[in-house]
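Here's a quick briefing to read alongside the model. Have the sequence and the 3D view open as you go.

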Amino acid sequence: MDIEFVRSRFIKHFDGKTGNVYASPGRINLIGEHTDYNGGFVFPGAVDKGIMAEMRANGTEDTVMAYAIDLKDRVDFKLSDPNGPRASWARYIYGIALEMKKLGVPVKGFNIAFAGDVPLGAGMSSSAAMESCFAYGLNDIFGENKVSQWDMALAGQATEHNYCGVNCGIMDQFASVFGKAGCLMRLDCRSREFEYFPFKPDGYRLVLLDSVVKHQLAGSPYNDRRRSCENVVKAIAEKHPEGKYETLRDCTWEELEEVKEIVGDEDYKRAKFVLGEKDRVLAVCDALNEGDYEKVGEMMYKTHEGLSKDYEVSCEELDFLNEIAKEDGVTGSRIMGGGFGGCTINLVRNDLYKNFIADAKKCFNEKYGHEPKVYDVVIGDGSRKLC
Ligand code: GLA
């Protein structure tokens, strides 16, 4: 994907004029899954793949002309239409434009063409890449860049909530906006404080194996998981009216045990995973500071187990990829992102890499009739203007 490719389509599909070009990445997450909406910690980084968009004000009051280059699909709509467009990709444009308006950006009509190389439905957050990219462009074109990075990330999250039906946390949009080449970021989702962690694991590398099982969070049990966590917080808060319980971050293991009977098995298991994950992210931070990648890997396997058995967001194919990693002596492996399909993220020693990839392809192909896709992780920069 390059600027000239996007530009040629922008010129062809609209009035021949050029605009500005913006880019935002997808993300990986080393550890800290489903902790963001529970006020916990996450450990994401932006990747070198994402969305690129050319945009330009078109002189109309509120007509948006949009072209999805990869889908060869054109949709025109008005920002004043209360229903907005139906095409799911166009809803990201409509949603983010309205959210940026709420932040005081006087968005008017614009033309936009965009393309991406972040795989769709692989759990690398192609949707956050779109939201961040469009937010950055609208802020630049109409808003004199007055909207802060945090507000752009929050506008992306609000787009998911209000226009796309996914009650997500802030991790993906945060990573896409704030990413920095070579660095992972530890974000405290409650206080929104974060730190950049240079990530150069000597002798290891990160690789994603994409099961190509379709991952769709809208209308998925993702929102149910969030509801389970909220139920547990509510039950604990009712038992302790003197305390302040906003998310599972505020709850202890003892308090969870106290409400076990009240909340039932399923919600209990969900919360158990989240409390464990909260501890694991902190353990990984310490391990990274000490350069102890074996410990990091151990935590990744534990996370996988929890996501599979307690949070129940894995699937047969991802569990299979995780098993292969274990058998091949891979340091760490787990399902990444929201779940219900997508990829595993693997921390692999350089000397085992070749064998692991060959093995995973062969075994997966024998069982499921196709190979998993392989993406070597390169940690890249966040949202930016290219020209
Ligand atoms: C999706 C959501 C994020 C986060 C992850 C799970 O990617 O968009 O907010 O909850 O799932 O960690």
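The side chains of Ser132 and Ser176 make a polar contact at 3.1 Å. Keep in mind that this is a predicted model.

**Ser132**
- Ser132 is part of helix α3, which covers residues 126-142.
- Is Ser132 buried or exposed? Ser132 has a relative accessible area of 2%, so it counts as buried, the cut-off being under 20%.

**The ligand site**
- The ligand has 13 residues around it, and the closest are Glu33, His34, Asp36, Asp172 and Tyr222.
- By type, that shell splits into 5 nonpolar, 4 polar and 4 charged residues.
- Glu33 puts a polar side-chain atom 2.6 Å from an oxygen atom of the ligand.
- Tyr222 does something along those lines, with a polar side-chain atom 2.7 Å from an oxygen atom of the ligand.
- With Gly338 it's the backbone that matters here: an N or O atom of its backbone lies 3.3 Å from an oxygen atom of the ligand.
- How much of the ligand does the protein bury? Taken alone, the ligand exposes 310 Å², and the protein buries 96% of that.

**Leu154**
- Leu154 belongs to helix α4, residues 149-164.
- Its relative accessibility is 23%, so Leu154 counts as partly exposed: that label applies between the 20% and 50% cut-offs.
- Leu154 and Gln173 are 19 residues apart along the chain, and their C-alpha atoms are separated by 7.3 Å.

**Glu246**
- Where does Glu246 sit? You'll find Glu246 in the loop that links α6 (222-239) and α7 (253-258).
- Glu246 has 55% relative accessibility, so it counts as exposed, which takes a value over 50%.
- The Glu246 side chain makes a polar contact with the side chain of Lys244, at 3.2 Å.
- For a sense of distance, the C-alpha atoms of Glu246 and Phe364 are separated by 42 Å, with the two residues 118 apart along the chain.

How values were computed:
Residues numbered from 1 in each chain as written. Predicted model: local features only at pLDDT ≥ 70, side-chain atom pairs only at ≥ 80, totals over all residues. Heavy atoms only, no water. Helix = DSSP H or I, 4+ residues; strand = E, 2+ residues; numbered from the N terminus. Buried < 20%, exposed > 50% of the residue type's maximum accessible area, 1.4 Å probe, protein only. Polar contact = N/O pair within 3.5 Å; in protein donor to acceptor, adjacent residues only side chain to side chain. Near = heavy atom within 4 Å. Areas by Shrake-Rupley, 256 points an atom, 1.4 Å probe, with all protein chains shown as cover. Nonpolar A, V, L, I, M, F, W, Y, C, P; charged D, E, K, R; others polar.
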